[in-house]
Amino acid sequence: MTAHIRASIDADYAESPDGLLVPTGHGRTLNTAAQQVTFKVTGEHSRVASSFEVVVPPGFDVGAHVHTRSEELFYVLEGELDVLAFEPRLRTRDDWRHWESPSGRRTVRAGTGTVIVVPPGCPHAFANRSGRPAKMFFQASPPPDHERYFEELLEILDSGGPPDHEAIAALRSRYDIEQLTPLRHDA
């Protein structure tokens, strides 16, 4: 499908009650050494949620964080990710992998087919500690906050060198993200 046809589909969708079909391999893709994010459904197409396909390279750790308004869903399509989705007994600032909930829940290694649902207010994180890329489907509600966040985050991460933690902190505070542990990326 050419860019012209895709643009036509987007324009038709905005004016039509018809659904949106995004074929395999299509959608606007943002590429950096830190992540690859393909926008599948945006706030332009849905009032409910934005949807993305995300390739998570080895060594990437989004860092534990929490949203006051957003609800998220993650579905592991390929590979493995270490994930957290609970309130810990103690929020330490360095590494979320050792957190434990009051009921004894701990972080898990999520494989292909695993679904993680994160309600507002729930600390969560994911990291790829394997030696190969992982891929996940990611949905965030309400749109379009995460679309804009991804665009700005990947711009910061693609600037070269280690992540600019001050710029990331400012970005996250604008988009309802309280960062609890640092974002890390082993380039």
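The model is predicted: local features need pLDDT of at least 70, side-chain atom pairs count only at pLDDT 80 or more, and totals for chains, interfaces and linings use all residues. Residues are numbered from 1 along each chain as its sequence is written, and side-chain values use heavy atoms, with hydrogens and water left out.

The protein chain has three helices and 13 strands. Helices (H or I, at least four residues) and strands (E, at least two) are DSSP runs, numbered from the N terminus. With a radius of gyration of 17 Å, close to the 16 Å from the globule rule for 187 residues, the protein chain is as compact as a globular protein of that length. This radius is taken over C-alpha atoms, and the rule is 2.2 Å times the number of residues to the power 0.38. Of the 187 residues, 43% count as buried, meaning under 20% relative accessible area (1.4 Å probe, protein chains only).

Strand S2 pairs with both S1 and S3; two strands pair if DSSP finds at least two bridges between them.

| Strand pair | Residues | Direction | Bridges |
|---|---|---|---|
| S1 and S2 | 28–31 and 36–41 | antiparallel | four |
| S2 and S3 | 36–41 and 50–56 | antiparallel | five |

A hairpin of four residues leads from S1 to S2. Which residue of S2 stands opposite Asn31? That residue is Gln36. In S3, Gln36 has Val55 as its bridge partner.

How values were computed. Buried means under 20% relative accessible area, exposed over 50%, partly exposed in between (1.4 Å probe, protein chains only).
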